Amino acid sequence: MQELFNEVLLAMKNNKMRIALTGFSIGWGMFILVVLLGSSGGFQRGLYKTFHLDIDQIVRVSTGKSAYAWQGLDKGREIKLRLSDSEAIESSHIEHIERVCPMNTKLLEIKNGSAHVNTSVTGCYGGYLVNDYRTLTSGRDFNKMDIESHAKVCMMNELLARQLFQNNDPIGEYVGIDGIEYLVVGVCESSLNNDVSLAMYIPLSTMMTIYYPEGYIKGINLIVSRLDSKEHNEHLVREVHNLLASRLSCSPDDYKGIKVNNPYEQVLSAKNMIAGIGVFVWIIGLATLIAGIVGVSNIMLITVKERTRELGVRKAMGASNAHIISLVLIESVVITVIFGYLGMMIGVGLTQLLDMALGSAFPMFQNPVVQFWPIMGCNVIMIIAGLIAGYVPAKRAVSIKLVEALTS
């Protein structure tokens with residue numbers, strides 16, 4: 001086996017130009033495939049983040065004035081949600097609803113020393129931040145004790161924290177909200193680009209006790225998942241609407257009095273578009289790979305034809321057909337593995353450079369990581385193609401009569 005590899009290396013050393021052309025064809029195919037897949041993956045992840053497809057879908061429930069008279073009640077009356085309506089949705093166990101997030105809002109003055117702003121304050125439970133596309137960056141979220149004790153604690157976004165506390169850490173400090181002191185327990189940031197809104201959050205129980213003792217709330221957000229078809233989405237909207245319509249004495253056809261805002265059409269369209277991009281890029285990548293395979297096959301065919309006399313001499317010196325075919329196949333596999341790996345590594349390096357150059361400046365291009373197994377699968381395909389490309393002409397060459405091989 002060692003002698004066989006030595007013969008292969010000697011043959012490759014004596015044909016550097018041929019090796020370079022074959023290797024370039026293989027490496028270029030792998031390089032283009034990796035760059036295409038990496039760039040496509042980064043672009044798809046960027047789109048998912050931009051359109052918030054990387055988190056569970058959010059359905060927002062609110063109310064307005066009734067569009068129809070119903071059960072003796074006048075048209076145009078104000079429909080109001082209560083906290084008990086949120087609890088009814090949660091206990092109904094409607095399919096696809098993962099979490100029910102009631103909320104309330106009120107425009108209030110927020111002060112810290114001489115700094116003060118007027119902004120909307122949201123009353124909510126713990127885990128609500130995802131509804132506003134925000135994540136906690138420091139401190140903590142509201143917990144069960146905060147809700148049960150009607151605690152005077154608050155969270156704010158980083159923009160509001162800078163206005164009230166400049167560069168100081170607000171965690172553990174007190175801030176005045178409508179003249180009442182609240183302890184700052186958390187700071188959050190937005191995942192939206194160019195978000196300039198000021199956000200303040202307090203426990204929903206605290207807001208209800210102070211400002212809405214009658215139990216009214218402004219809205220209910222539903223975090224839903226696995227809604228992968230138009231039929232599923234429409235069924236969810238219908239179930240939620242009918243449940244609230246029966247509780248609020250509202251017509252089942254009244255979609256102005258009870259509003260269930262589910263942006264599923266935009267979500268499904270965006271997901272289908274992103275999936276289409278992935279399929280299109282795979283088609284281009286595989287076409288490039290096939291072009292590389294064809295190039296390898298042509299070069300191997302010419303190579304074996306040029307070496308027909310050499311192979312004939314080897315056969316005349318007693319080399320078996322299997323030995324001669326092994327020479328060609330090993331050379332083909334060695335070239336394919338080495339240059340395919342080089343093309344892959346250069347492609348991965350380029351995608352990482354693109355990520356470093358564009359990642360922060362171009363939010364729609366995120367983490368262009370190439371998945372390991374698809375690329376290794378393509379490498380295996382290239383190796384098999386190299387074996388076939390080498391075997392067919394080699395088999396033909398050893399089947400030629402010795403006299404014809406020596407005189408070719």
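Predicted model: local features only at pLDDT ≥ 70, side-chain atom pairs only at ≥ 80, totals over all residues.

**Entry: rings.** I searched the whole structure and got 3 aromatic pairs. One of them is phenylalanine 24 with tryptophan 28, at 6.0 Å centre to centre and 15° between the planes. I log that pair as stacked, because planes under 30 degrees apart count as such. Where do phenylalanine 24 and tryptophan 28 lie? I find both in helix H2 (residues 16–50), 4 residues apart, which is about one turn of the helix. Ring pairs also bring in Phe31, so I note Phe24, Trp28 and Phe31 as a cluster.

**Entry: accessibility of that pair.** Phenylalanine 24 comes out at a relative accessible area of 56%, so I call it exposed. Tryptophan 28 has 44% relative accessibility and therefore goes down as partly exposed.

**Entry: charge over a ring.** I looked up lysine 80 next. Its charged end sits over the ring of tyrosine 216, 4.7 Å from the ring centre.

**Entry: asparagine 131.** I placed this residue in the loop between strand E4 (115–124) and strand E5 (134–139). Is asparagine 131 buried or exposed? Its relative accessible area is 0%, so I write down buried. Which residues is asparagine 131 in contact with, leaving aside neighbours within four places in sequence? My list reads Ile58, Arg60, Cys101, Asn221 and Ile223.

Terms used
Residues numbered from 1 in each chain as written. Heavy atoms only, no water. Helix = DSSP H or I, 4+ residues; strand = E, 2+ residues; numbered from the N terminus. Buried < 20%, exposed > 50% of the residue type's maximum accessible area, 1.4 Å probe, protein only. Contact = heavy atoms within 4.5 Å. Phe/Tyr/Trp six-rings, centres within 6.5 Å; stacked < 30°, edge-to-face > 60°. Lys NZ or Arg CZ within 6 Å of the ring centre and 35° of its normal.
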